[in-house]
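Colleague: I have not worked with this structure before. Could you take me through it in short questions and answers?

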Amino acid sequence: MSLIGRREPLGFWPTKMTSGEDMPVHRAAALGAAFASAVLLTAASKDSPATHGIDLAGIDHTVTPGDDFFAYANGAWIKTTEIPADKATYGPAEVLIEKTREQVRGLIQGAAKGHPPAGSDAQKVGDYYASYLDEAGIDAKGLTPLKDDMARIDAIGDKKALSSYLGSTLRADVDALNSTNFYTDNVFGVWVTQAFDDPSHNVPYILQGGLGMPDRDYYIDPSPKMEGIRAKYRAHIAAMLKLANIADADAKAQSIFDLETKIAKTHASREDSEDVQKANNPWKRSDFATKAPGLDWDAYLGAASLSDQQDFIVWHPTAVVGISALAASEPVAVWKDYLTYRLIEHFANVLPVAFVNERFAFYGTTLNGTPKIRDRWKRAIDSTNANLGEVVGKLYVAKYFPPSAKAKIEAMVKELLAAYHARISNLTWMSPQTKEKALAKLATLRVGVGYPDKWKDYSSLEIVRGDALGNIRRAEMSEYKRSLAKLHEPVDRGEWVMVPQEVNAVNLPLANALNFPAAILQAPYFDPKFDAAINYGAIGATIGHEISHSFDDTGAQFDAEGRLANWWTPEDLAHFQAAGAKLVAQFDAYAPFPDLHIHGKQTLSENIADVAGLSAAHDAYILSLNGKKAPVSQGLTGDQRFFLAYTQSWREKEREEALRQQVTTDGHAPAEYRGDTVRNLDAWYPAFNVKPGQKLYLAPGDRVQVW
Ligand SMILES: [Zn+2]
């Protein structure tokens with residue numbers, strides 16, 4: 001349950017799909033983000049950090065705050081800002097992401113100087129980056145780095161061999177609850193973490209996969225918009241096959257597309273994927289053959305190094321059953337074409353430039369609306385971050401995250417937890433029994449700030465200069481082995497799921513833990529020199545958001561130990577669910593396009609976290625005043641600054657294609673509606689003189705106060 005979705009300035013969708021390689025720093029693309037003025041000031045006058053943070057020039061005074069608070073807070077900025085050609089979304093956060101990328105480049109280049117010893121961290125990051133950057137060397141090799149894999153696919157002669165090949169593609173490339181990454185281009189993905197019913201043991205969760213487009217809706221939604229994307233996708237498949245000199249490309253593209261459509265029809269919807277009750281399907285190893293006939297499961301699990309694993313949880317049973325059946329019913333020849341295409345696409349970013357450009361034309365431009373591909377060095381940094389994340393992270397925090405920043409944020413976390421404790425204790429609708437359980441959960445919450453206590457070990461990962469594709473392949477395998485090893489190790493609640501140089505934050509429901517990466521704990525989100533109202537409205541609301549995930553509609557189904565267990569009295573649960581239903585209706589009513597509205601249920605966890613987090617941050621802000629009246633600053637009252645800081649922190653411009661994709665595939669509502677959630681807080685009304693009849697006005701009884 002992260003702060004923001006997995007979108008990226010890169011414009012390549014989906015983030016982890018290509019060779020795990022697109023993920024990194026920029027899940028944050030959308031963070032919208034605070035304080036244009038702060039960023040610009042910092043850029044313009046490096047020595048004088050901003051002492052205030054509200055971007056007064058970005059406010060649109062022609063808009064009534066109560067009609068459209070997002071436009072009021074950000075309208076002037078929106079009117080004068082253009083999304084750069086290499087980005088799908090843009091806000092001042094992009095500036096921060098770019099800055100982080102530049103910092104990381106400096107660190108990598110610095111580390112690589114002076115011929116570091118083979119196997120050292122410095123050798124790894126230096127050679128990984130240099131190899132990715134070497135476009136001429138990559139072009140010269142053509143498809144040679146894929147030759148062995150293509151020969152393996154070519155040799156598939158029967159269902160057993162097909163099953164074995166499919167098993168060999170299984171990777172630890174999904175994460176259903178933390179980063180809410182439901183996408184893998186392999187037919188299945190595995191996520192190893194604590195078991196729903198037994199948080200003291202790790203178990204493999206099996207998730208659906210196998211699609212080239214972001215979600216099942218892209219294959220089955222009958223709208224003209226989606227039909228248009230499908231036509232372009234078929235053309236893209238054919239173009240990739242032609243680049244690889246594969247005969248009958250057009251006919252094969254059609255059959256590959258048809259197979260993917262059949263796979264898509266077995267998939268659970270994004271909304272169903274979020275339902276942990278539907279996901280809690282413990283299967284024994286022997287169940288696969290009886291419940292999901294088709295694949296040769298001995299061959300599949302053997303090739304996946306899971307032969308000895310007895311207990312699984314099948315997150316997506318309809319897809320496991322359906323895809324297994326397709327392995328038997330669809331011709332092996334079609335599967336082979338499909339797998340060849342998937343292989344090329346998976347590594348396309350480190351194949352010759354014609355593949356890179358064709359891939360970008362579909363994933364960047366068609367799916368996200370981004371006109372121009374990002375510079376190669378930026379893609380190389382992002383790939384290094386994705387595959388050597390904590391090696392880079394160690395360098396990053398040593399240089400850019402002083403202990404004083406860690407201490408200040410830890411103090412702020414304590415304040416937010418105290419505010420939360422008070423809110424829960426004072427809830428009038430909740431019974432003492434449920435309160436006791438909720439407070440126990442708050443007490444066991446494990447909060448990580450900046451970076452993990454223990455770094456991951458990359459010693460067995462070999463990085464070879466001049467082998468960009470091999471480096472990615474080995475990194476993915478290394479991550480897979482690290483995940484499988486967890487099946488035989490004690491649960492580690494201190495494990496991090498984000499890297500320190502990522503501009504994001506996350507709640508881990510099964511570990512009952514939070515990660516606040518170092519990169520988000522800086523201006524424009526946080527600056528010790530900012531006025532308190534602004535820090536509480538921005539990073540305070542973010543901290544509150546992540547704490548709240550422990551109590552959102554998903555988080556509230558896990559107890560203090562991370563067990564999937566109902567700790568609610570029936571009356572309290574009914575009240576909680578009714579509040580959630582009101583929030584679903586509130587978000588269902590938002591429509592960015594006439595033919596597309598926000599999915600209130602799909603985004604409920606995040607929307608609960610926003611409202612509850614903002615409320616707790618406001619409480620903590622008021623407490624910090626110690627009974628004194630907040631000073632007026634920048635001509636604004638304390639509450640005005642608090643709410644403007646919050647909604648300016650969601651400032652963002654987004655291309656239409658990217659926005660449509662987000663609405664369809666993301667658990668996070670678009671930034672505009674997250675910024676408008678201030679309407680659920682009573683304190684916002686007097687701060688901006690919001691009156692009945694104004695568009696965002698909610699009668700007191702209609703304001704959703706979940707916690
Ligand atoms: Zn979240």
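**Contacts, helices and a metal site**

Colleague: Leaving aside its neighbours within four places in sequence, which residues is Tyr129 in contact with?

Modeller: Contact here means heavy atoms within 4.5 Å. With neighbours within four places in sequence left out, Tyr129 is in contact with Arg105, Ile108, Gln109, Trp377, Ala380, Ile381 and Thr384.

Colleague: What kind of model is this?

Modeller: Residues are numbered from 1 along each chain as its sequence is written, and side-chain values use heavy atoms, with hydrogens and water left out. Local features need pLDDT of at least 70, side-chain atom pairs count only at pLDDT 80 or more, and totals for chains, interfaces and linings use all residues, this being a predicted model.

Colleague: Is Tyr129 buried or exposed?

Modeller: Tyr129 lies in helix H4 (residues 121-133); helices (H or I, at least four residues) and strands (E, at least two) are DSSP runs, numbered from the N terminus. A residue is buried under 20% relative accessible area, exposed over 50% and partly exposed in between, with a 1.4 Å probe and protein chains only. Tyr129 has 5% relative accessibility, so it counts as buried.

Colleague: Which protein residues are donors of the zinc ion?

Modeller: Donors are N, O and S atoms within 2.8 Å of the metal (3.2 Å for Na, K and Ca), and sites may look incomplete because water is not among the atoms. The protein donors lie 2.0 to 2.1 Å from the zinc ion. Along the chain they follow the spacing S-x542-H-x3-H-x56-E. They are Ser2 (O), His545 (NE2), His549 (NE2) and Glu606 (OE).

Colleague: What arrangement do the 4 donor atoms make around the zinc ion?

Modeller: Four donors count as tetrahedral if all angles lie between 85 and 135 degrees; four count as square planar and six as octahedral if opposite donors are over 155 degrees apart and all others between 65 and 115; anything else is irregular. The angles subtended by the 4 donor atoms here run from 93 to 139°, so the arrangement is irregular.

Colleague: Which residues is Asp553 in contact with, leaving aside its neighbours within four places in sequence?

Modeller: Asp553 lies in the loop between H23 and H24. Its relative accessibility is 24%, so Asp553 counts as partly exposed. Beyond its neighbours within four places in sequence, Asp553 is in contact with Phe576, Leu604, Ser605 and Ile608.

Colleague: How are H20 and H25 oriented to each other?

Modeller: Axes are lines fitted to C-alpha atoms, for helices over the stretch in contact, and angles run from 0 to 180 degrees between N-to-C directions. Helix H20 (residues 403-426) and H25 pack at about 105°, with their axes 8 Å apart. Angles under 35 degrees count as roughly parallel, over 145 as roughly antiparallel, 65 to 115 as roughly perpendicular and the rest as oblique. H20 and H25 are therefore roughly perpendicular.

Colleague: How are H9 and H17 oriented to each other?

Modeller: Helix H9 (residues 224-243) and helix H17 (residues 353-368) pack with their axes 10 Å apart, at an angle of about 175°. H9 is therefore roughly antiparallel to H17.

Colleague: Is Thr366 buried or exposed?

Modeller: Thr366 is found in helix H17. Leaving aside neighbours within four places in sequence, its contacts are Ile229, Lys232, Ala361 and Glu657. With a relative accessible area of 18%, Thr366 is buried.

Colleague: How many of the 11 residues of helix H26 are buried?

Modeller: The buried residues of H26 pack against helix H2 (69-80), H23, H25, helix H28 (671-675) and helix H29 (684-687). Among them are Phe642, Phe643 and Leu644. Helix H26 (residues 638-648) is largely enclosed by the rest of the structure, because its buried residues number 10 of 11.

Colleague: What is the phi of Asn626?

Modeller: Asn626 lies in the loop between H25 and H26. It is exposed, with a relative accessible area of 65%. Although Asn626 is not a glycine, its phi is positive, about 55°.
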